[in-house]
Structures are given as structure tokens and as C-alpha cells.
Amino acid sequence: MPVSPLRPKGPPLNALRAFEAAARLGGFSLAAEELCVTPGAIAQHIKAVEAWVGVPLFERRSQGVALTAVGVRVLPDFIAAFDRLGAAVHNLKTKTAPQDISIATLPSIAHLWLSPRLPAIRERTPNITISVTALENTPNMSREPYDLALFFEKLPINPQSISLGPDIIFPVCTPALAKRLQRLSDLETVPCLRDATWSGDWNLWLKSVAPANQVQVNGPSYSLYALAL
């Protein structure tokens with residue numbers, strides 16, 4: 001008489017993914033942001049993994065969480081596994097739809113740099129479908145389904161990256177307003193617009209043009225560069 005015992009089940013893939021993201025990023029909230037779920041969902045997934053293995057993988061602290069010794073030892077294997085899985089999924093997409101190109105970039109780059117160039121690109125490559133997704137943070141190219149990513153990167157750049165040019169910070173204004181600005185201190189009398197993501201750009205520029213100057217600028221903040229513009 002054949003015997004067909006029930007095979008033991010491992011934790012769900014989503015639970016393992018939650019553990020890997022929280023362990024790699026160092027927190028439940030960061031993992032939730034990356035996986036587009038709530039921190040509570042991440043916590044429940046990790047509890048499921050811990051219940052399955054029978055040992056804690058995180059230490060819960062008042063200021064957040066930290067990996068246990070077991071968690072530290074197994075994390076490299078999970079990072080490598082999900083990198084391989086991401087590469088396999090990307091390879092599947094490339095093989096089945098080689099004419100579809102997905103680009104991830106900052107909203108400002110998408111609006112001001114990439115969009116004006118898309119008509120010429122599409123004219124030269126009529127058989128290719130180009131999709132653009134605006135993101136505030138650089139995606140994990142090993143995991144996420146993008147073929148290209150256009151973002152600012154600190155020097156030295158990643159060996160796999162291609163530099164399209166330097167990031168130069170300087171202020172701009174209307175010609176009418178420019179007539180009222182005769183000296184650096186005049187900036188204190190006008191609203192100086194800023195992008196919330198790069199709220200320190202005014203100070204960076206002021207230090208570069210007048211390191212000893214004590215000019216303090218103020219003005220409204222916008223969550224998107226295009227809104228500020």
C-alpha cells in the first residue's frame with residue numbers, strides 16, 4: 001500500500017521576503033516602504049517566520065529592531081537568493097518582451113530632461129515601447145522590473161553606471177526679479193523656493209559662492225521640483 005505523507009511546508013515566500021527586506025534595510029518601516037505594505041504587515045510576516053524556525057530573528061527594542069545572531073548569519077543567503085530571483089524575473093521579462101523598455105527616474109528628471117527627448121527616441125526606435133516611472137529613490141535594479149534608472153549619484157559612481165553629466169546647483173529667477181537683486185544679501189528680501197527633497201541646496205550654493213557670508217534665505221517648500229518651477 002503506497003504511503004503519501006504530508007510534506008512539511010516552509011514559510012510563505014512573502015514572509016521570507018519581508019524578513020530579508022527588514023534585515024537588509026535595518027527596520028520594519030523601511031522594509032514596508034520598499035515592499036509597499038504596512039509596517040504591521042512586515043511584523044506579522046516576520047512573526048510567522050520566527051514561529052516556523054522556533055527562534056527569534058529580531059530583537060525588539062524601544063528604538064527599533066536589531067538582528068539576532070541567527071539573523072545575522074542567515075541574511076547573506078537570503079540577499080543572494082532574492083537577488084537571483086529578481087535577476088531570473090528580469091531575464092524572463094527581457095526574453096518575452098524585448099521591445100518593452102522600462103525607465104525609472106526622479107520626477108524632475110522625467111519632467112525636465114527625459115520628456116523633451118522621448119519624441120526623438122521614439123522616432124528612431126519605432127518598434128520599442130518606452131515606459132517611464134517617476135520615483136523619489138533609486139530602485140534596487142537587482143530586484144525591480146526596470147531596464148534603466150536615471151538618478152543622481154555621489155562620486156565615485158557605481159562601475160555599472162554611466163555618467164550623463166555633473167549636477168550643478170545654481171539659482172534661477174524671472175528677469176523682472178533679477179533687476180531687484182544687486183547683491184547677495186538681497187536674497188533675504190525675496191521668497192527663495194526650494195524642493196523638499198533637496199532642502200539644503202540653497203545653503204550648499206551660498207557656501208560655494210560666499211563661504212564667509214551669513215546670508216539666511218527663506219521661502220516656501222514644494223514636494224515636487226516641477227511644482228516649485
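Biologist: Which residues line the largest cavity?

Modeller: In this predicted model, the lining of the largest cavity consists of Leu106, Pro107, Ser108, Glu136, Asp195, Thr197, Trp198, Ser223, Leu224 and Tyr225. By class, that lining divides into five nonpolar, three polar and two charged residues, and the volume of the cavity is about 60 Å³.

Biologist: How many cavities of 30 Å³ or more does the structure hold?

Modeller: The structure holds one cavity of 30 Å³ or more.

Biologist: Turning to the helices, what angle do the axes of H2 and H3 make where they cross?

Modeller: Two packed helices are described by the angle between their axes and by the distance between those axes. Here the axes of helix H2, residues 28-35, and helix H3, residues 39-53, come within 8 Å and cross at roughly 105°; H2 and H3 are therefore roughly perpendicular to each other.

Biologist: Which residues in H2 and H3 meet?

Modeller: From H2, Phe28, Ser29, Ala31, Ala32 and Leu35 meet Pro39, Ile42, Ala43 and Ile46 of H3, a contact with eight nonpolar residues, one polar residue and no charged residues.

Biologist: What is the order of the strands in the open sheet?

Modeller: The three strands run in the order S4-S3-S5 with parallel pairing, and the edge strands, S4 (129-134) and S5 (148-150), each pair on one side only. The twist from one strand to the next averages 25°. Strand S3, residues 100-105, pairs with S5 over three bridges in the parallel sense, and threonine 105 has leucine 150 in S5 as its bridge partner.

Biologist: Which strands does helix H5 touch?

Modeller: Helix H5, residues 107-114, packs on the sheet and touches S3, S4 and S5, while its direction makes about 115° with that of S3.

How values were computed:
Residues are numbered from 1 along each chain as its sequence is written. This is a predicted model: local features need pLDDT of at least 70, side-chain atom pairs count only at pLDDT 80 or more; totals for chains, interfaces and linings use all residues. Side-chain values use heavy atoms; hydrogens and water are left out. On a 1 Å grid over the protein atoms alone, a cavity is a set of points where a 1.4 Å probe fits but cannot get out, and a pocket is an open set with protein on both sides within 12 Å along at least five of seven lines; lining residues have an atom within 4 Å of a point. Grid points are joined across faces, edges and corners, and a volume is the space filled by probe spheres set on the points. Ala, Val, Leu, Ile, Met, Phe, Trp, Tyr, Cys and Pro count as nonpolar, Asp, Glu, Lys and Arg as charged, and the others, Gly among them, as polar. Axes are lines fitted to C-alpha atoms, for helices over the stretch in contact, and angles run from 0 to 180 degrees between N-to-C directions. Helices (H or I, at least four residues) and strands (E, at least two) are DSSP runs, numbered from the N terminus. Angles under 35 degrees count as roughly parallel, over 145 as roughly antiparallel, 65 to 115 as roughly perpendicular and the rest as oblique. Contact means heavy atoms within 4.5 Å. Two strands pair if DSSP finds at least two bridges between them.
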